[in-house]
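Me: Hi! I'd like to go through a model with you before I set anything up. Could you take a look with me?

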Amino acid sequence: MFIQFLILAAGLLLILLGANYLVDGSSSVARKSGISEFLIGLTIVGIGTSTPEMVVSFISAFQHKADMAIGNVIGSNIFNTTMILGITALITPLVITRRNLKKDIPLNIAVTGLLIMLGMKKSLFGIGEDRLGHIDGILLLAIFTWYIWTSFSHDSQNVTETEKEQPAKQYSTPVAVLMIIGGIAALVGGGKLFVNSAANIAERLHLSEKFIAITVMSVGTSLPELATCVVAAIKGRGQLALGNILGSNISNILLVLGGSAVIAPLSFSGMSPVDLGAIMISSIFLLASAYTFEVKKLDRFEGGMLLAMEAAYMTWLFTNHL
């Protein structure tokens, strides 16, 4: 059992290192190619923090482990919003901008609701099956493509600000290409180790794959977001932290689960109303927080409420699955 936990940790370490090298190498190549800083931030860097979830969920889908693929994203999004934003808001209150209110937060709520409706078609509407099929995956990926395109075409004025806040380290082209290749190799290899060891641990402890995915796997794959947000909060850059979480949550649903469903249909039979309710309530809470207490700000009190929500959800998980 101890060996399996070591393998799990080694797989996670490879995933995190791979994501870091892939983002840095790709960013360097993109800048030398003349691609805008904003597009780099939105695609390579922004989605980069969701790469661990993507690798784990894609490999789970290939291995027909739907509970792991879905549980990883559900757990990651709940953890991102409640724990990571909760901690970040305790460090520094987060200003919620007009763009956040008009686009990012509503889209986060909308795609979360869409995921639930698509995944629970039979339970909610009496049609089809409670799963994400190939067509559902294609729809989610199409929405993701639209999101990337509209963000780039309408928000290019943010490029200068981003460049000032996040100066990038440059590498020679050969070194950058090697970083990309090595990053992808580490992601794939680490992802296989992580998924296989998590499944073995679940089997030996007589725990469901969904429980392992929502707890161990989702927290582990959310470490890039946690590190990014804590550093951003300490430096007083709350918008960077908020944008990172919103972008990661949207990417997790549209790109990660969309791509996973294209690989193989994902059954939602292992998801409970509490799991789906937690991800939706945490999404709606961000919108509500913009209009309570300190208007258009996620303050420390609300950060404490988010942490309490995470504690309540985890208590329910352990109470009902151990």
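This is a predicted model: local features need pLDDT of at least 70, side-chain atom pairs count only at pLDDT 80 or more; totals for chains, interfaces and linings use all residues.

Me: Good. How many helices and strands does the protein have?

Reply: The protein has 14 helices and four strands. Of its 322 residues, 52% count as buried.

Me: And what share of the contacts join residues at least 24 apart?

Reply: Taking contacts between residues at least 6 apart in sequence, 82% join residues at least 24 apart.

Me: Let's do aromatics. How many aromatic pairs are there?

Reply: The structure has two aromatic pairs. Phe211 and Phe318 make an edge-to-face pair, with 5.3 Å from centre to centre and 85° between the planes. Phe211 sits in helix α10 (residues 209-221) and Phe318 in helix α14 (residues 300-321), so this pair ties together parts 107 residues apart in sequence.

Me: Is Phe318 buried, exposed or partly exposed?

Reply: Phe318 has a relative accessible area of 41%, which falls between the 20% and 50% cut-offs, so Phe318 is partly exposed.

Me: How do Tyr313 and Trp316 come out on accessibility?

Reply: Tyr313 is buried, with a relative accessible area of 6%. Trp316 counts as partly exposed because its relative accessibility is 24%, and the buried class stops at under 20%.

Me: Switching to charges. How many salt bridges are there?

Reply: Two salt bridges. In one of them, Lys121 pairs with Asp136, and the closest N and O atoms are 2.9 Å apart. That pair links distant parts of the chain, 15 residues apart, with Lys121 in helix α6 and Asp136 in helix α7 (residues 134-154).

Me: Are those two buried or exposed?

Reply: Lys121 is buried at 17% relative accessible area, and Asp136 is buried at 11%.

Me: OK, and which side chains meet in the 2.5 Å one?

Reply: Lys210 and Asp275, with that 2.5 Å taken N to O. This pair also links distant parts of the chain: Lys210 is in helix α10 and Asp275 is in helix α13 (residues 273-289), 65 residues apart. Lys210 is buried, with a relative accessible area of 5%, and Asp275 is buried too, at 0%.

Me: Which other residue has a positive phi?

Reply: His206, whose phi is near 60°. His206 lies in the loop between α9 and α10 and counts as exposed, because its relative accessibility is 73%.

Me: Next, which residues form the nonpolar patch on the surface?

Reply: Met117, Leu124, Phe125 and Ile127, and together they have about 400 Å² of accessible area. Ile127 is in the loop between α6 (121-125) and β2 (131-132).

Me: Last one: where is Ser197, and what does its side chain reach?

Reply: Ser197 is in helix α9 (residues 173-204). Its side chain reaches the backbone oxygen of Leu193 at 2.8 Å.

Me: And which residues beyond its sequence neighbours is Ser197 in contact with?

Reply: Leaving out neighbours within four places in sequence, Ser197 is in contact with Gln4, Ile7 and Leu8. Ser197 is also buried, at a relative accessible area of 1%.

Notes. Residues are numbered from 1 along each chain as its sequence is written. Side-chain values use heavy atoms; hydrogens and water are left out. Helices (H or I, at least four residues) and strands (E, at least two) are DSSP runs, numbered from the N terminus. Buried means under 20% relative accessible area, exposed over 50%, partly exposed in between (1.4 Å probe, protein chains only). A polar contact is a pair of N or O atoms within 3.5 Å; within protein, one must be able to donate a hydrogen and the other to accept it, and residues adjacent in sequence count only if both atoms are side-chain atoms. Contact means heavy atoms within 4.5 Å. Rings of Phe, Tyr and Trp (its six-membered ring) pair if their centres lie within 6.5 Å; planes under 30 degrees apart count as stacked, over 60 as edge-to-face and the rest as tilted. Patches are made of residues with over 30% relative accessible area and no salt bridge: like charges are joined within 9 Å, nonpolar side chains (Val, Leu, Ile, Met, Phe, Trp, Tyr) within 5 Å. Accessible areas come from the Shrake-Rupley method with a 1.4 Å probe; for residues, only the protein chains shown count as cover. A salt bridge is a side-chain nitrogen of Lys or Arg within 4 Å of a carboxyl oxygen of Asp or Glu.
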